[in-house]
Amino acid sequence: MMTTPWPPRRTARRPLAPRVAAPREPVDPARIGRRVVRRQAKGMDAGAVAAALEDARFDARQDSRHEDLADDVRGPAELAEWERIAQLLADAAPGTVYDPDADDVVQAELAAEAAAAAAREAEHREAARIAARADELQALRALGTLEQTEPRDGDEAVRDELTRRADGYVQADVDAWLAHALAAHLGHYRDPAAREAAASLLTPPVLAHAALLAELARLVPGADMGQLAFAGRLATSEPEAAGALAAFLARRTAWQKQADPTTGRPPASPGSVSR
């Protein structure tokens, strides 16, 4: 009797989570050699280590005759470790056997390796966070809702990731979004420390755009961002000019704040001639 197979179930496909390569411990032949020596030396007394040292020296002399081993780093590292352990036991009380757990050098190396592994893991987590946030911002851009989204701490690095994904192409909408948020103190830019840090995290055009938007907003309160689109074009094409214009407007604003409270008139501008 023939049977008809069930058709495959149709399910909604979910977007794959961003894949970030897991951190790997870098290969270090010298470190591997030292670890091998320590395992072999564990429990040895000074006499046994001295014999092992002589064997290592013999092997080193043999290896020196082979040109293909000229760049070997593991062999010399093993020899140096045998020499160090031999000296360690020579300075210890008679009858002492080697114990890596009581070796200060070994414990310091293990602590350094643990710290390096933790740093690699932290970098991995940060890379995964940046990739996920970049996916989120790309989705918001596609939906046309990026402008209603407030930036978060670390979005400057996400901007760099989006630029990397676009093969170096600078996305004007993302830059404009960050500039507006910086100018209006939105999201994490409410914190003065975040605004100060942005000076070293964002590009000159974005910073010039933000500075110009902030001064134009003071000059014309309630101006719509669409009316100030020219500021982005100016900052992109001439960031130095945009920054100079923002600085000029800031001086103008500061000058107007010094108005005479009795007459309501600002003081004479620098360089003006009174009549």
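In this predicted model, Arg129 and Glu126 are joined by a salt bridge (a side-chain nitrogen of Lys or Arg within 4 Å of a carboxyl oxygen of Asp or Glu), with the closest N and O atoms 2.8 Å apart. The two residues lie three residues apart in helix H4, which means that about one helical turn separates Arg129 from Glu126. Helices are DSSP runs (H or I, at least four residues), numbered from the N terminus. Arg129 is partly exposed at 31% relative accessibility, and Glu126 is also partly exposed, with a relative accessible area of 34%. Here buried means under 20% relative accessible area, exposed means over 50%, and partly exposed lies in between (1.4 Å probe, protein chains only).

Residues are numbered from 1 along each chain as its sequence is written. As the model is predicted, local features need pLDDT of at least 70 and side-chain atom pairs count only at pLDDT 80 or more, while totals for chains, interfaces and linings use all residues; side-chain values use heavy atoms, with hydrogens and water left out.

Helix H4 also holds Glu121 and Arg125, whose positions four residues apart place about one helical turn between them. Their side chains form a salt bridge with an N to O distance of 3.8 Å. Glu121 is partly exposed, at 32% relative accessibility.

Across the whole structure, a search finds 22 salt bridges. One of them pairs Arg84 with Asp103, the closest N and O atoms being 2.6 Å apart. This pair links distant parts of the chain, since Arg84 belongs to helix H3 (residues 74-90) and Asp103 to the loop between H3 and helix H4 (104-143), 19 residues apart. Arg84 is partly exposed, with a relative accessible area of 22%, whereas Asp103 is buried at 2%.

Negative charge also gathers on the surface, in a patch formed by Asp55, Asp59, Asp63, Glu67, Asp68, Asp71 and Asp72. Patches are made of residues with over 30% relative accessible area and no salt bridge, like charges being joined within 9 Å and nonpolar side chains (Val, Leu, Ile, Met, Phe, Trp, Tyr) within 5 Å. Asp and Glu count as negative and Lys and Arg as positive, without His or the chain ends.

Methods. Areas by Shrake-Rupley, 256 points an atom, 1.4 Å probe, with all protein chains shown as cover. Charge placed at Lys NZ, Arg CZ, Asp CG, Glu CD.
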